[in-house]
Amino acid sequence: IQIKKQKFMSNRYAHSYRGFDYLNLDEQLTTEQKLIRDSVRSWVNTSVIPIIEDCAQNSEFPRHLVKELGEIGALGPHIPTEYGGGGLDAITYGLIMQELERGDSGIRSCASVQSSLVMYPIWKYGSEEQKHKFLPKLAKGEFLGSFGLTEPNHGSDPSSMETRLIKHGDKYLLNGSKMWITNSPLCDIAVVWAKNEEGHVVGCIVEREMKGFSTPEIKGKWSLRASITGELLFEDVEIPAENILPLAKGLKAPLSCLSSARFGIACGAVGAAMDCLHHAVEYSKERKQFGKPLAGFQLTQKKLAELLTEISKAQLLSLQLGKLNIEGKITPAQISMGKRNNVEMALNTARECRQICGAMGITGDFPFMRHAMNLESVITYEGTHEVHLLITGMDLTGENAFG
Ligand code: FAD
């Protein structure tokens, strides 16, 4: 896709962006973690910020960035180096997602899906041959992947999925459809979840050229407009036995991928919130009404102070989740809490910052509306806000309130 001449300034204060570290959390990061975060930040400044508002306004996915994401190590940072991944820890993975989402949730979504929903299941549940065949290409951005769990009739309740993978001689036949799939129209491979003859959830790798496989785009989104979304349709797609994920048994396999991705979202959302707060602080210092800067009004300061407080709490949550992740002690319910809290926080931050900047806040010269609209998807995908409340509720009470 050719990016047309840039119309919007987008992120007009991007040059002075330094993030926020009110609680000195940087002191808890290693030199390597900070270096990687800063290098992703400068890539976002040069490759994402200058084009992203136009991409979003024109609903164009900047496909050329996928290779660059590979070059900066943002695809599979937590996958072992022997398969082309970065071999990095969870905190570093979270910081990378934070910086990408400061650029745009769509760019972070592309990297999250590739890293946690395509590379992770192949690494965790795949055969050695599958790992060597697919992971290095995915890590370099030579291949784009998608992850098919959601169906037209089954979103929050994937256990009711209708897609079927049935043994047929020495092969398998895949039939059904998946909906709302990030990257699908352009993907080279899709990791797809389906039920077998016994009704157990199994996973397989579908390749672009397989007969009966198509990926129509879903158009008209008001959200994640710089990300491409579509369907995955399977009509008697012949899947060879070597494309079945041998170690994926039951729904807990795709759910474990979602845990990995949700951790990245919890960290990523903080980046979008920091971008908004930075722009609101800078503009409110510049813009004068009643003879003084907006920043000098108590009501504006209350909003800014509360936003900084919420961002700082979300950063603490992300960092602690990262530590638990590294120690191997993290639970899916803890990650769920982080995703829910931080995405809601970021969405509220985007709305409040838009309000602080008045009419100017609605334009593409500022990132608020783009982040807010993006976050409307982020609060729904990878488990809706309500589903995450139910997960924490069940963890707390032992009562299952889903059904
Ligand atoms: P539904 O499940 O129909 O829910 C509708 C509403 O009802 C929600 O508010 C929900 O919280 C509420 N609800 C449902 N059940 C309950 C309950 N028990 N109690 C209380 N409230 C309830 N999926 C993929 O597999 N791969 C992808 O790459 C992917 N990318 C996406 C990209 C975008 C831009 C979007 C928007 C979605 C994407 N999804 C993807 C799908 C996403 O994960 C689903 O949209 C999500 O799981 C919710 O499903 P649903 O939209 O069908 O909503």
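# Buried residues and aromatic pairs

Q: Why is Phe-213 counted as buried?
A: Buried means under 20% relative accessible area, exposed over 50% and partly exposed in between (1.4 Å probe, protein chains only). Phe-213 has 8% relative accessibility, so this residue counts as buried. The model is predicted: local features need pLDDT of at least 70, side-chain atom pairs count only at pLDDT 80 or more, and totals for chains, interfaces and linings use all residues. Residues are numbered from 1 along each chain as its sequence is written, and side-chain values use heavy atoms, without hydrogens and water.

Q: How many aromatic pairs are there?
A: Rings of Phe, Tyr and Trp (its six-membered ring) pair if their centres lie within 6.5 Å; planes under 30 degrees apart are stacked, over 60 edge-to-face, the rest tilted. The count by this rule is 8.

Q: Why is the pair of Phe-213 and Phe-234 called stacked?
A: The ring centres are 5.7 Å apart and the planes stand at 5 degrees, so the pair of Phe-213 and Phe-234 is stacked.

Q: What makes Phe-234 buried?
A: Its relative accessible area is 3%, so Phe-234 is buried.

Q: Why is the pair of Tyr-283 and Phe-366 called edge-to-face?
A: The centres of these rings are 5.3 Å apart and the planes are at 85 degrees, so the pair is edge-to-face. Tyr-283 is buried at 7%, and Phe-366 is buried at 0%.
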